[in-house]
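Trainee: I have a model open on my screen and I'd like to learn how to read it. Can we go through it feature by feature?

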Amino acid sequence: MTGDNMANNIKEEIGRGQESLRAAEVLIHHRLFNDAISRSYYAALHYARALLLRRGIEAKSHHGVAQLINLHFVKDGPMSKAVAADFSQLQSFRELSDYNAGAEFTEDQAREELIRAQAFIRVCEALLNA
C-alpha cells in the first residue's frame, strides 16, 4: 500500500468511526439500544483499524483487529490493558446485540457502551496524532 493510499484509508476509517458514533447517539435517542451498542463497537473498530493502518498493518477480521491491537499496542505499550479490555467488551456486546435474538440492552447499558467507545477512540486519536 502506498503512502497516499494508506493516508486515505486512515482518513476513511476515521470518517466511518465518526459516522458510527453519531449513529449510536441517534439510535439511543430513538431507543434502539441493541443497534446503538453495535454502532458504538463499530466506531471503536474503525479507529482501531486506523491505528493499525498507521503502522502499515491490515487486519482481515474483527478478531484479527483485537489480536493485532494487543500485539502491537498493548504488549509493549503504549496502550493499556484496560483500554484493550474495553475494546474487547465492546466487541462482546456487539456480538450479543447482533446475533442473540434474546439479548435486550437498556438505555443505561447503551450509554455506557457509547462512553466506552468514546474513551477508546480518544486513546486511538492520541496515538494517531503522536
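Mentor: Helices (H or I, at least four residues) are DSSP runs, numbered from the N terminus, and the expected span is 1.5 Å times one less than the number of residues. Here α5 has 23 residues and reaches 33 Å from its first C-alpha to its last, close to the 33 Å expected at 1.5 Å a residue. Before we go on: this is a predicted model, where local features need pLDDT of at least 70 and side-chain atom pairs count only at pLDDT 80 or more, while totals for chains, interfaces and linings use all residues. Residues are numbered from 1 along each chain as its sequence is written, and side-chain values use heavy atoms, with hydrogens and water left out.

Trainee: Which residues of α5 are buried?

Mentor: Buried means under 20% relative accessible area, exposed over 50%, and partly exposed in between (1.4 Å probe, protein chains only). In α5 the buried ones are A110, E113, L114, R116, A117, F120, I121, C124 and L128.

Trainee: And how many residues of α2 are buried?

Mentor: 18 of its 22 are, so α2 is largely enclosed by the rest of the structure. This helix covers residues 33-54 and spans 32 Å, close to the 32 Å expected. Just after α2, G56 takes a positive phi of about 80°.

Trainee: Let's zoom in on one residue there. What is L45 in contact with?

Mentor: Contact means heavy atoms within 4.5 Å. L45, which sits in α2, has 0% relative accessibility and counts as buried. Leaving aside neighbours within four places in sequence, L45 is in contact with H62, V65 and F87. L45 and V65 are 20 residues apart in sequence, yet their C-alphas are 7.7 Å apart in space.

Trainee: How many residues does the largest nonpolar core have?

Mentor: A nonpolar core is a set of buried Ala, Val, Leu, Ile, Met, Phe, Trp, Tyr and Cys residues joined through side-chain atoms within 4.5 Å. The largest one has 41 residues, and those with the most contacts inside it are L51, L52, V65, I69, M79, F87 and F120. Two or more residues come from each of α1 (3-29), α2, α3, α4 and α5 (107-129). The largest share, 14 residues, is from α2. As an example, I69 is in contact with A48, L51, L52, V74 and M79, leaving aside neighbours within four places in sequence.

Trainee: Last one: which residues line the largest cavity?

Mentor: On a 1 Å grid over the protein atoms alone, a cavity is a set of points where a 1.4 Å probe fits but cannot get out, whereas a pocket is an open set with protein on both sides within 12 Å along at least five of seven lines; lining residues have an atom within 4 Å of a point. Grid points are joined across faces, edges and corners, and a volume is the space filled by probe spheres set on the points. The structure holds 1 cavity of 30 Å³ or more. A66, I69, N70, A84, F87 and S88 line the largest cavity, and about 30 Å³ of space lies in it.

Trainee: And how much space lies in the largest pocket?

Mentor: About 170 Å³. Both α1 and α2 give two or more residues to its lining.
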